[in-house]
Amino acid sequence: MKLKVYADRMSQPSRAVIIFCKVNGIDYEEIKVHISKGQHLTPEFAEINPMKQLPAIADGRFKLFESHAILIYLACAFPGVADHWYPADVFKRSKIHSVLDWHHSNLRRGAAPYVFNTTIAPILGRPLNPQAAAEAEIILYSSLSKLESFWLKGNGRFLLGGNQPSIADLSLVCELMQLEVLDEKDRTRLLGPHKKVQQWIENTRNATNPHFDEVHRVIMLAKERQQHQRLKAAKNEGGSNMKKPLVSRM
């Protein structure tokens, strides 16, 4: 029975799982669950994942959620997956676990709420929350600094000094790709000082293409829509300023 992957490509962890399957030739059926339509909150989806979050998988009668657990399972359960994704060496494997645990308690706590509260919320009918965005930005910037100075130290092209990507690289890079939807000045302000992080993103992209670009196409389209809306808003604001009556100083 074919592996089923329940995903929304706007979801960072969903993209990581889909790219992993594609890169490693894992035969799967992608079942789209649209977060914007609340499809992840339905009783039907709760049968797959009682936590009502994405991604989730069903491999026959075996069901699993949480992206890190899914990536580990896929790396172990399917033949032909290269060892560098989730090495058999227990020491290397444990290091990957340390990065994945750090990801959820640091980078994800910064990136996801920052993007949501500066950009995505209105798309889902929610108000922007500047205070939550400011708090998330502190965590995000600290996490980027840790990536730059610690997780990417050494001469390797990937996390932990590796010369080939692991599931940790894929998971964390997909997290940061959501920054593409930000205003360009904002994105540059956040990523600009972190040259190693920028190069690592590009290295992981190159190592997993063409699948990386194909799966992230949804993010690039969202980026284009956001840019169009910003330009439109700027034009409208400029036009409204032009129409304001001049106040006499006499």
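The centres of domain 1 and domain 2, taken over C-alpha atoms, are 20 Å apart. Domain 1 covers 3–81 and domain 2 covers 86–230, with bounds that come from an automatic or database domain assignment. A word on the source: this is a predicted model, where local features need pLDDT of at least 70 and side-chain atom pairs count only at pLDDT 80 or more, while totals for chains, interfaces and linings use all residues. Residues are numbered from 1 along each chain as its sequence is written, and side-chain values use heavy atoms, leaving out hydrogens and water.

So, on to the interface. About 2000 Å² is buried between domain 1 and domain 2, and carbon and sulfur atoms give 74% of that; buried area is the accessible area (1.4 Å probe) that two parts lose on being put together, summed over both. On the domain 1 side, Gln12, Ile19 and His68 lose the most area to domain 2, together 31% of what that side buries.

Now, the charges. There are 2 salt bridges between the domains, counting a side-chain nitrogen of Lys or Arg within 4 Å of a carboxyl oxygen of Asp or Glu. Arg9 pairs with Glu214 in a salt bridge, and their closest N and O atoms sit 2.7 Å apart.

And which helices each supply at least two residues of the side of domain 1 that touches domain 2? Those are helix 1 (12–23) and helix 3 (67–77), helices being DSSP runs (H or I, at least four residues), numbered from the N terminus. Helix 1 brings the largest share of that side, 9 residues.
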